[in-house]
Amino acid sequence: PANPAPSQARDLWIKELKDRPSPEPATACVTNLKPIFAEEHVPPELVWVAEVESSFDARARSPSGAAGLFQLMPATAKQYGLRAWPVDQRLNADENARAAAKHLRYLYRRFRDWRLAIAAYNAGEGTVQRLLDRQKVTTYDAIAPRLPAETQLYVPKIEATLLRRENVTLAALPPPTQ
């Protein structure tokens, strides 16, 4: 069967998350991290990306090599001044959040759309750009069926999480202020 349309995937995640409480460490983390996102001129609501990435576990590691609250890959972390060795700075919640906010700001500036920025955060900016170029389109919904399956689930889950936790949609978030 064909993958669900992006709008259907969003609706499915909204239903799935409707009664799900936020992870236990979220309250303290969100309070601490929102000012970091604001300092980086990124909508503070985007701190909830950490719920999808790590359930707010600052020590989380993925099999692919990502680490920290926002699951930064070593190359991305290095791009924003964090070391992965000998001490993994990605495991510092504040530093991880600052790097993630900077990366999200960069991705938004590149794609001029939060859905595309979030897709690029998950699948990589090259993947998103190639699909936009090949399909000669400019929207997330137009490339969603061709994105990796994980990303097809990821973007709607981020959207549903923002709606559940902040009552805001990606489309309603303002662009970075700088």
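Helices, here, are DSSP runs of H or I with at least four residues, and they are numbered from the N terminus. The model is predicted, so local features need pLDDT of at least 70 and side-chain atom pairs count only at pLDDT 80 or more, while totals for chains, interfaces and linings use all residues. Residues are numbered from 1 along each chain as its sequence is written, and side-chain values use heavy atoms, with hydrogens and water left out.

**Stop 1: Thr76**

Select helix H4, residues 74-79, and within it Thr76. Thr76 is buried, at a relative accessible area of 17%; buried denotes under 20% relative accessible area and exposed over 50%, with partly exposed in between (1.4 Å probe, protein chains only).

**Stop 2: helix H1**

Proceed to H1, residues 6-17, and colour Pro6, Ala9, Arg10, Trp13 and Leu17, the buried residues of this helix. Viewed down the axis of H1, these residues fall within an arc of 100 degrees and so line one face; the arc is taken from the directions from the helix axis to the C-beta atoms. On the face turned away from the buried side, the exposed residues Leu12 and Lys15 are found. Now display H6 (114-123), H8 (140-143) and H9 (149-166), which are included in what covers the buried residues of H1. Contact here means heavy atoms within 4.5 Å.

**Stop 3: Thr151**

Within H9, select Thr151. Thr151 is buried, with a relative accessible area of 1%. Leaving aside neighbours within four places in sequence, its contacts are Ala119, Asn122, Ala123, Tyr140 and Pro156.

**Stop 4: H6 against H7**

Show the side chains of Leu116, Ala119, Ala120 and Ala123 in H6, which meet Glu125, Thr127, Val128 and Leu132 in H7.

**Stop 5: Phe70**

Finally, centre on Phe70. Not counting residues up to four places away in sequence, Phe70 touches several residues, among them Leu33, Phe37, Leu46, Ala100 and Tyr121.

Conventions:
Helix = DSSP H or I, 4+ residues; strand = E, 2+ residues; numbered from the N terminus.
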